[in-house]
Amino acid sequence: MSRTRTRTLPLAVLHRIVEGATRAPSVHNTQPWRWRATDRTLDLLADPRRRLAATDPAGRNMVISCGAALHHAQVVATALGWPPVVTRHPDPDRPDLLARLVLAPGVPAPGGSELLDTVEQRCTDRRRFTSWPVPDERVQRLAAVAGEWGTTAVALTDTSQRFRAERLILEAADRQARRPAAVAEQRDWLDRSAVDGVPTGALTGSEVAAGAHRTRFEDVPDTDLEGQDVQLADGLVVLCGRDDDRASWLRAGEGLSAMWLAATAGGLSVVPLSQVVEDETTRASFRTQVLAGLGHPLLLTRVGWQAIGRSDLVRTPRRPLAEVLELP
Ligand SMILES: Cc1cc2nc3c(=O)[nH]c(=O)nc-3n(C[C@H](O)[C@H](O)[C@H](O)COP(=O)(O)O)c2cc1C
């Protein structure tokens with residue numbers, strides 16, 4: 001092996017990769033990940049202390065969030081000229097060790113700086129989408145992008161399939177609203193701290209229509225967020241797995257991130273709607289009634305166009321590098 005290929009990963013590059021990875025979306029902005037570095041490897045670990053006990057007992061959303069961070073890390077490392085070789089679940093005896101990246105110097109990817117910009121721009125914009133329909137082909141293309149990462153992504157374009165999905169989304173929201181532990185958990189992660197959780201400002205839209213039904217966050221006072229219910233023009237993509245296990249969840253997270261970055265680059269907005277999967281009853285119904293047994297639903301997302309020229313949203317914060325990265 002040549003000298004260059006064994007070159008140690010510079011600390012500045014390591015920092016940029018992990019910083020980029022922390023820009024990933026995570027359920028309630030819990031950022032349930034840890035990174036452990038050696039000279040040329042970077043391990044991704046789930047942080048079960050950040051799992052949501054009431055709504056995510058199995059850790060599905062936790063691992064999907066980590067999968068999104070894993071994809072972000074791969075995008076950033078490749079853009080910076082350190083394309084990683086990834087081993088998922090390298091040690092079956094350590095289930096929290098989700099992936100190991102081996103980083104070797106290469107050439108920066110073409111379009112790398114645009115990709116880095118897209119990582120910075122991506123965010124969850126829950127304001128009502130415009131009524132411009134998202135063409136089925138666009139939704140299908142996004143599903144195909146997610147599928148390239150080893151997950152199954154299904155674009156729900158059939159009217160009766162969408163109708164059943166919408167009914168279950170509302171049912172899940174109602175069921176969770178009646179569970180005090182789930183309601184308290186969501187409250188705990190709102191305006192939680194300067195480094196994690198969802199600031200109510202991030203739920204605030206500048207152009208709103210009063211009275212719209214909302215699903216998650218609908219009971220949050222002093223926000224004018226609206227429009228979380230699914231509209232006719234919205235695209236719906238559901239990420240699913242052959243199994244409902246950590247390997248499928250991690251892949252779903254990578255697919256979610258790939259799809260979301262592609263959507264952001266193409267001017268589309270993505271909003272996850274995870275309650276329908278979090279609730280056991282609606283998850284089972286979704287599997288049979290919407291997916292017809294095709295797979296286990298892991299995360300549902302809504303896709304649409306945001307109005308041009310809207311003001312920027314308050315961005316969600318992130319934990320500092322020192323809290324998430326362990327150096328040798
Ligand atoms: C697995 C997962 C589930 C999520 N579920 C929801 C949801 O049900 N409703 C919602 O409005 N946002 C949901 N989100 C979006 C997060 O709240 C968001 O990613 C986080 O607050 C960080 O903000 P950002 O995406 O703007 O960076 C989810 C994200 C992930 C990764």
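User: I clicked on A155. What stands opposite A155 in β6?

Analyst: That would be V237, which stands opposite A155 in β6. Before we go on: this is a predicted model, so to speak of local features we need pLDDT of at least 70, side-chain atom pairs count only at pLDDT 80 or more, and totals for chains, interfaces and linings use all residues. Residues are numbered from 1 along each chain as its sequence is written, and side-chain values use heavy atoms, with hydrogens and water left out.

User: Fine. How many bridges join β5 to β6?

Analyst: Four bridges, and the two strands run antiparallel; β6 covers residues 235-241. On terms: strands (E, at least two residues) and helices (H or I, at least four) are DSSP runs numbered from the N terminus, and two strands pair if DSSP finds at least two bridges between them.

User: What's the order of the strands in that sheet?

Analyst: β5-β6-β8-β7, four strands in an open sheet with antiparallel pairing. β5 (152-155) and β7 (268-273) are at the edges with a single partner strand each, so one side of each has no neighbour in the sheet. From one strand to the next, the twist averages 25 degrees. Angles here run from 0 to 180 degrees between N-to-C directions, with axes as lines fitted to C-alpha atoms, for helices over the stretch in contact.

User: How many residues of β7 are buried?

Analyst: Five of the six, so β7 is largely enclosed by the rest of the structure. Buried means under 20% relative accessible area, exposed means over 50%, and partly exposed is in between (1.4 Å probe, protein chains only). β7 pairs with β8 (residues 296-305) in the antiparallel sense over six bridges. L268 has W305 as its bridge partner in β8.

User: And the other sheet, what's the strand order there?

Analyst: Five strands in the order β3-β4-β2-β1-β9, again an open sheet, and here the pairing is mixed. The edges are β3 (84-88) and β9 (325-326); each has a single partner strand, so one side of each is left without a neighbour in the sheet. Helix α1 (residues 11-22) packs on this sheet and touches β1 (33-37), β2 (41-46), β4 and β9, with its direction at about 165 degrees to that of β1. Contact means heavy atoms within 4.5 Å.

User: How do β3 and β4 pair, parallel or antiparallel?

Analyst: In the antiparallel sense, over five bridges, with β4 at residues 97-103. V85 stands opposite V102 in β4.

User: Switching to the ligand. Which residues come nearest?

Analyst: R122, T124, R126, S274 and R318, out of 22 residues around the ligand. The cut-off for being near is a heavy atom within 4 Å.

User: What are the polar distances?

Analyst: An N or O atom in the side chain of R126 is 2.5 Å from a ligand oxygen. For R318, a side-chain N or O atom is 2.7 Å from an oxygen atom of the ligand. P272 comes in through a polar backbone atom, 3.2 Å from a ligand nitrogen.

User: How much of the ligand does the protein bury?

Analyst: 99% of the 620 Å² that the ligand exposes when taken alone. Those areas come from the Shrake-Rupley method with a 1.4 Å probe; for residues, only the protein chains shown count as cover.

User: OK, R60 now. Buried or exposed?

Analyst: R60 is buried, at 7% relative accessible area. R60 lies in helix α2 (residues 60-79), and its side chain makes a polar contact of 2.9 Å with that of D244. A polar contact is a pair of N or O atoms within 3.5 Å; within protein, one must be able to donate a hydrogen and the other to accept it, and residues adjacent in sequence count only if both atoms are side-chain atoms. Leaving out neighbours within four places in sequence, R60 is in contact with D244, W249, V277, R283 and L298.
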